[in-house]
Amino acid sequence: MKKALGMVLALGLSGLLLAGCGSGGSTDGSNGGDKAAGDKKVLKVAALESAYGADMWDKVKSAYEKDNPGVKVELTVDKKLEDVISPNMKAGNYPDVILLATGREAGLTETFIKDKNLEDLTDVFDMKVPGEEKTVKDKLIPGFIDTLATNPYNDKKTYMAPMFYSPTGLFYDANLLKTKGWEVPKTWNEMWDLGEKAKKEGIALFTYPTAGYLDSFMYSLLSVTGGPEFFNDAMTYQKGAWSSKEATEAFDTVGKLAKYTASTTVANANDNDFTKNQQLILDDKAIFMPNGTWVPGEMKDAPRADGFEWGMTALPAFESGGDSYSYTFFEQMWMPTGAANKEEGKKFISYMYSDKAADIFKEAGAIQPIQGMSEKLDGENKLFYSIYDNGAKAVMGGLENTVTVEGVNMRDTLFSAVDSVVSGDKTVKDWQDSVVDAADKIREAADKQ
């Protein structure tokens, strides 16, 4: 699940896939988005079948067609969506709406971003939600359309609609802390104090499933050290951002946390054994791990300590009363510039934020980023999705993906290298220096465009 939500610097499908993107067409090879099925307008929608399943899309399609009797939705849902829709797109025939997030191995969405073949969706958020009085923007949780994940060119225009958000944070056994009389740390000094208490009882303060899971952790930590403006500077490789005192504080914090990390973490931090690190939390052998709302489901059949109870907290502040932050992943819905039926496509995207559609998605476990959704949840989900109601500030977006530099992989340099820091094979300074060097190369390449 994490892989489908992560952000990567993808390589390669540019040009070949998008030849002819400027001329629209329907996926059956004919031109024109208003082609009728009988007397109905045809809307072509393609969506990735993720862990939420395909049924919810069939139900949304039926609901939309019922509310819009003049429209027929041609729906394509597949676990390997790129393989299904790419052949027609190579011929210049595009879906009108695509639900496919960044972070996929095929890098299709990144290709559209880099080639600037995304339709501007800014006007969608000023549209009234079909059948309701509020606009899309009024219904959204604040901040969800002002990030690099929705505005990839940082030009104050929105090209990607946020879908199905999933807050992240530090997951722990609430019963362990309650039994020991330990408080959830509100500052990093309190975190270190807890680490010392836990060490005396043979419990590690920290673990992580794989180094890739540290993306959400690091994004939140950079926001804690420098705030949202600094976070955006770092994500867009602004000169001096990664060598600044705010960045250094974040690197040093990870370096100190490495000393409190479970000794078996690095050995098991791989795709085959990562659940062993997650099991450390369930066995009360480690207190905190960075993860997302999917982890209780992923570990639902695993054994656990008596009385185990999932808890989740945002990253603590550095000073008492300071801001805590929680990164949220979300999927992205977008429209190719080559889409033939843009007007109906934008209406369909606005419909995704209707109460009717949101309730259909919720039944499948997919939570739309609209205000009030957390109140409709119960159990663990209510706890997880209420994190922003409880004082944490949201962090969204990630490393800018608009250029590719041969030999530079910022994700590996920034996140994967943590394994070497924890094992002692790399110093914190060497780690930071390598990140600064990678950022400089990416910025220089971007300046030449």
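1. Two strands pair if DSSP finds at least two bridges between them. In this predicted model, strand S2 (residues 40-48) and strand S3 (residues 71-78) are joined by 8 bridges and run parallel. Ala46 stands opposite Thr76 in S3. From S2 the chain passes through helix H2 (residues 55-67) on its way to S3, and this β-α-β crossover is right-handed.

2. S2 has another partner to look at. Strand S4 (residues 97-99) pairs with S2 over 3 bridges, in the parallel sense. Here Ala47 faces Leu99 of S4. How many of the 9 residues of S2 are buried? The count is 7, so the rest of the structure largely encloses this strand.

3. Next, strand S8 (residues 310-313). In a regular strand the side chains alternate between the two faces of the sheet. S8 is covered on both faces. Trp310 and Met312 are buried on one side, and Gly311 and Thr313 are buried on the other. S8 runs antiparallel to S5, and 4 bridges join the two. Asp173 stands opposite Trp310 in this pairing.

4. Two residues deserve a look for their backbone angles. Most residues other than glycine have a negative phi, and most peptide bonds are trans. Phe164 is not a glycine, yet its phi is positive, at about 50°. Phe164 lies in strand S5. Is Phe164 buried or exposed? Its relative accessibility is 1%, so Phe164 counts as buried; the cut-off for that is under 20%.

5. Asn154 is the other case. Its phi is near 55°, again a positive value in a residue other than glycine. Asn154 sits in the loop between H5 and strand S5 (161-173). Relative accessibility here is 54%, so Asn154 counts as exposed. The cut-off for exposed is over 50%. To compare the two sites, look at Phe164 in its strand and Asn154 in its loop.

6. Now the helices. Two packed helices are described by the angle between their axes and the distance between the axes. Helix H8 (residues 214-235) and H9 cross at roughly 155°, and their axes come within 9 Å. H8 and H9 are therefore roughly antiparallel to each other, as angles over 145 degrees count that way. The crossing of H8 past H9 is right-handed. On the H8 side, the contact residues include Phe217, Leu221, Leu222 and Phe230. Among those they meet in H9 are Ala247, Phe251, Val254 and Leu257.

7. H9 also packs on helix H18. Helix H9 (residues 245-258) and helix H18 (residues 428-448) have axes 10 Å apart, at an angle of about 135°. That makes H9 oblique to H18. H9 passes H18 in a right-handed crossing. Which residues of H18 make the contact? They are Val428, Trp431, Gln432 and Val435. From H9 come Ala247, Thr248, Phe251, Asp252, Val254 and Gly255. Phe251 is listed in the contact with H18 and also in the contact with H8.

8. Last, a loop residue. Where is Glu132 found? Glu132 is in the loop between helix H4 (108-114) and helix H5 (136-139). Leaving out residues up to four places away in sequence, Glu132 touches Lys139, Tyr353, Ser354 and Asp355. Glu132 and Asp193 are 61 residues apart in sequence. In space, their C-alpha atoms are 51 Å apart.

Technical notes. Residues are numbered from 1 along each chain as its sequence is written. This is a predicted model: local features need pLDDT of at least 70, side-chain atom pairs count only at pLDDT 80 or more; totals for chains, interfaces and linings use all residues. Side-chain values use heavy atoms; hydrogens and water are left out. Buried means under 20% relative accessible area, exposed over 50%, partly exposed in between (1.4 Å probe, protein chains only). A crossover is right-handed if, with the strands pointing away from the viewer, the path from the first strand over the helix to the second runs clockwise. Axes are lines fitted to C-alpha atoms, for helices over the stretch in contact, and angles run from 0 to 180 degrees between N-to-C directions. Angles under 35 degrees count as roughly parallel, over 145 as roughly antiparallel, 65 to 115 as roughly perpendicular and the rest as oblique. A crossing is left-handed if the near helix is turned anticlockwise from the far one by less than a right angle, and right-handed if clockwise. Contact means heavy atoms within 4.5 Å.
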